[in-house]
Each structure stands twice: as C-alpha cells, then as structure tokens.
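Reader: I am new to this structure and would like to learn how to read it feature by feature. Could you show me the general idea each time, and then the case at hand?

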Amino acid sequence: MPWSSEEILETLRMTEVEHLDIRTTTMGISLRGCAADSLKDTLANTYERIVRNAEKLIPSATRVENELGIRIANKRISITPAAIAFEKFGTEEMIRIGETLDAAADAVGVDFIAGFSALVQKSATTGDRNLIEAIPHALSRTKHLCSSVNLASTKAGMNMNMILRMGHIIKKTAELTADQHGLGCAKLVVFANAVDDNPFVAGAFHGVSEGDVVLNVGISGPGVVLDMVRQHPDVSFNELYDIIKKTSFRITRTGELIGSRVASLLGVDFGIVDLSLAPTPEPGDSVGDIFIAMGLADVGAHGTTAALAMLNDAVKKGGMMAARNPGGLSGAFIPVSEDQAMIRAVKNGNLTLDKLEAMTSVCSVGLDMVAVPGDISEEILSAIIADECAIGMVNNKTTAVRIIPVPGKVVGDMVDYGGLLGSAPIMPYHNLSVSPFIRRGGRIPPPAHSLKN
Amino acid sequence: MANPDEKLIREIVSIINERQGGNVSRDEMVTIVATVIDQLNGKKAPRDYGHFTPSDSDSQSSSRFIVSVFGANRPGMVHGITAILAEMNCDILDISQKFVENLFYMILVVDGAPSPHDFLEIKNRLVQRGEEMTAKVYVQNEDVFRYVNRL
C-alpha cells in the first residue's frame, strides 16, 4: 500500500513539532566477575568491561538517529548493583570504584552511569552497608555516577533501619555538594519495588537476573500526548483515553524501532521498551500541562490524581501492543523540577508535597526531583521515604523518592540545576517531630497480600 | 507507488525483454522467469519490498527513505531536489506535490539501493539544497513511517 501524505505529515508533526524524541537508550552491563582479590585489578577489570562493551554505544545510536530522523536524547549505561558486584570491599574502596565507573562513563562519552546501588529491602549485608556509606562521597567526587537504594518491596516489607540511614545519607550528600545546591541528591534515588530493567537514570541498574549486556529503551513524548489532548477539549473520558492510547502506541513504536536498530548495530540483546512519559524543562514537553489541557485549572487541583491515573494507564495500554517487550517503570513521571507546569504550580502554591504523594499512588514513580529547605531533619527525610515506601509496598508498585535538601535555601527560593534537571522551587513540608517513630528500627513486615502462593 | 507484486512482475518482464529482444516462447519464458526470480531473490532481500517486510527482519534497515520538502513556493523546487537524487543515482519510486495557499510541499519515496553514496551523504546534500532554496527538507528512513502508522 502506498504512503499517504497524511501518514507522512502526521509522523513529521510528531518528530518535528511535538518534540518526540527517545529519552534514553541505556546499555545494561553485568559487572559480575569483575571483582578480583586486589582493588587495583578490580578497577582495571571494571573499566575494561564497561569500555569494551559501550565504546560503540554513542556511534551506533547517532547513526540510527540520523537514519530515522528521531533524536535520542540520552545514551547511558546501567551496571549490576555495585554492592553485589563488589561486596567484599570497604567504604573507601567503594568510593574508588565509583570514581572508576565515572572515568569509564567519561571514556565512552555517556552522560550518566547508574547502578552504584544496593538492594536492602529486607536486610543489608556488610557490602551493602559499605556501599551506602560511600554514596555521599562518591557522588560528590564524580560527574556521571548515579546511585539508588531499594528499601522496601511488597514481598519483603520495609527495611526501617536502612530507611532511617538513608535520611542521613541524603542529607550528607546534599552537604558534600552544597556548592552545587545539593546536586548529588539529584543523582540518588531510593525505591520501593525497584525494577531490574529500568532504563531511566538516576534509578537504573542492571538487575541480577539480566544477561551480560542488554540494550533498553525509555520513550518520552509528553509533548505529543499534550497536543492530542489539546485538540480534543470536549470529548468524554472514554474517547480521550482512546486518543491517548493510540498516541502512546505510535510513540512506543518509534522506541521499538530505535531499540531494535541500535541493539542490532551493537550486536547485543534488545531488552525492553519502558513506556514512560518523561517530561523535560522545554516548553510544551510537560506532563503537568496535560492535566491542564484535560480541564483542570492547575496541577494540584482536586481531580489531578484521577487525571494522572487515567493518563498512566492509557499510556501503558497503548504501548503494550507496540513493543515486543514492555518493561521498566512504564507509566508517567512527575519530576517537579523537570516540568514547567509543575514548577509553576508549586510557585503558585497549588501543588504541595501532600498532593504529590497522593499522585505517586497512581503513577509509575514517586516524589521526584523535589527540593526542600536544607535544614530539614534527617528523621523527617526518612519519614517522607517511609510514606512513599508504604504506598509502593501495599499497592504492589514501584515508588521512589529523589529529594534534595538544598543547603542554605528556604521555602520560596528557586535553585537552577540546568539542562534536563531543570530548576526546583523549594517546597514546604510538615515540620513535626517524627523522631520516636522513625527511630524504632527493625522492619515493617510485608502486607498480607504478599503471600500469593 | 505500485503494488510490490506488480512492481516485481514489471521488473521481471523488463529484464526478459532486454535479454531476448521481445521474442520469447512460452517454454523459454518459464525458464527465464524462474532464473530471474532466483536472481532477484539473491540480489535483493525481501526487505526491499517495504511494508511487506517480515517481522523477523526488523533489525535491518530498509533502503528506502522519504524526503519531505516544505517551503514558500518558487520556481525550480521540484528540480532542485530531484536533480540531486538523479546525480546521486537514487531511484524515485513515488512523488506527490501540493500547495496549501502559497506553501509548497512535496513528498518523495526514494530507493537509495542503486546509489553508491551512503544515506548520510545523500541526506546532507538534500538538506543543504533545501537551505539554498529556503525550504525545510526532512530525510528519514521509510521504517519510521511504517512503524508509526502500520502494524
């Protein structure tokens, strides 16, 4: 069947007018077997493994971008959670490993390498603890390194000891990167139900059941969905849902095409397509604006949670048929500093942490790129994390917290991180004591419905 | 653009006519057709037939690309683009051209397989020519349109 000009113009509109791009092609590399008896050999093995596998990532992705005329915004690497790969090493050595990972990322030209991570949802090993203590130093001494810690899961419950510790680690990371407004915290995520094949940084890591090397793709495209919603101001929810589904299908198809081509050029397995709407600070590339286009006065209005729930599900259903292997986080992201409409809503006083928390119960992630005053206590940070973990654990979904206690800043200030990280308004929180609660320690057991067998 | 089967038949008939000068018996025809089909299959993988691409060849690029040209109308727009394609030995499979008010737009489906130049060279030349004519030229592999619009 010949091409119709409608098909061609429609596609061009997506790629040229509505900012359709592929957010990330992320190469997952297993670092199992890189640990040697000496630190020196371990660093050499690790550097060699990453550079050997990823040196063609950027040339291959660039070639596919050129052929297809679709931009791939980011090329990144994820690795086996470092605490598992380098279990035997102490905190100082973990920091050196972090620096080596950074150097390898620099050598192959990717902007981020993620997986300086530990999975401690039930309990922590010595290696896990050593890695977690290394996080603030490693993030303050590196440029490309990203870190994540899984603190809870539906099967294991919530590790309250580590949730308490992460409040301290986040605060310390902010302090060590105070000259950059706590930028280190933008590269540190804590999770409940973290997924093994998430291509999105900062929370990406190459799960323990993955193969040697895999290429995963994260789609984007809030601008395309926004445009479609704006074109249909009066249709019913059923119709709107269907329109978003169809749009998501098209976006995901481009992700599928790009992933299969890049993986084929690299000669590695094509893993998953993550069907996530990820906003950027560019005007028009906003998830928040989609809620406004649906008919709400601002993000944070009553109805925002319902709007997000519908958007999240429609994106998934549309994308599921378009990708052979959908995976990762798959849903909608709501990172405050990276979304013009959300930044505006916080400044207007319409969007609060409480509303964001409610929204995280129906979207694919959690409190993301949220800035709070630098003098917030470690215990309150831990309690914010505990609430998010509870939502994830009970609802059998991924939740995350990427929060930045910005040193020296108070509510109403703005901090600019530049580029994709955007600019963050400092948000108020409930400054009420949580100390006796959060310091109980131990573990909150998993919910009854975790016993499925 | 013709139906791919029709395109294949035309291709076969033209090859036979070239070889035999138009005088072919039924038996000769049967033998030659079989040979030509074998040759075509050997020379061109099925992926050359665009949207009939089998799903297991998704990792291979099509040799076809789509050139879209947008700009204010002025004389020589069609020639400006097609001259480059001819010079670079690309095969134009389909062309459509329209005006909306004074906005000119043209869509060409092109097969780059016969060209000795690689895709990027052809793309850069076309985009550059577009700039000289103050038109915007997009050159994208056909697969994007296939993936986005068709199952």
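Predicted model: local features only at pLDDT ≥ 70, side-chain atom pairs only at ≥ 80, totals over all residues.

Reader: How many residues does helix α4 of chain B have, and what span does it reach from its first C-alpha to its last?

Author: Helix α4 of chain B, residues 119-132, has 14 residues and reaches 20 Å, which is close to the 20 Å expected at 1.5 Å a residue.

Reader: Which residues of α4(B) are buried, and where do they lie around the axis?

Author: The general idea is that an α-helix has 3.6 residues a turn, so residues three or four places apart point the same way. In α4(B), the buried residues are Phe119(B), Ile122(B), Lys123(B), Leu126(B) and Gly130(B). Because they cover an arc of only 100 degrees around the axis, they are on the same side of α4(B). What these buried residues pack against is α3 (57-68) of chain A, together with β1 (64-72), α3 (77-87) and β4 (135-141) of chain B.

Reader: That brings in both chains, so how should I read the area buried between chain A and chain B?

Author: The size of an interface is often given as the accessible area lost when the parts come together. Between chain A and chain B about 2900 Å² is buried, and carbon and sulfur atoms give 59% of that area. In terms of residues, 27 of chain A are in contact with 31 of chain B.

Reader: How many salt bridges and how many residue pairs in polar contact are there between the two chains?

Author: There are 2 salt bridges between chain A and chain B, and one of them joins the side chains of Arg150(B) and Glu7(A), at 2.7 Å from N to O. The count of residue pairs in polar contact, both at pLDDT 80 or more, is 11. On the side of chain A that touches chain B, the elements giving two or more residues are α1 (5-17), α3 and α9 (237-266) of chain A.

Reader: Is Asn74(A) buried or exposed?

Author: Asn74(A), which is found in strand β2 (residues 71-79) of chain A, counts as buried because its relative accessibility is 6%, where the cut-off for buried is under 20%. Leaving aside neighbours within four places in sequence, Asn74(A) is in contact with residues including Ile22(A), Asp111(A) and Leu420(A).

Terms used
Residues numbered from 1 in each chain as written. Chains lettered and ligands numbered in written order. Heavy atoms only, no water. Helix = DSSP H or I, 4+ residues; strand = E, 2+ residues; numbered from the N terminus. Expected span 1.5 Å × (residues − 1). Buried < 20%, exposed > 50% of the residue type's maximum accessible area, 1.4 Å probe, protein only. Arc of directions from axis to C-beta. Contact = heavy atoms within 4.5 Å. Buried area = accessible area lost by both parts, 1.4 Å probe. Salt bridge = Lys/Arg side-chain N within 4 Å of Asp/Glu carboxyl O. Polar contact = N/O pair within 3.5 Å; in protein donor to acceptor, adjacent residues only side chain to side chain.
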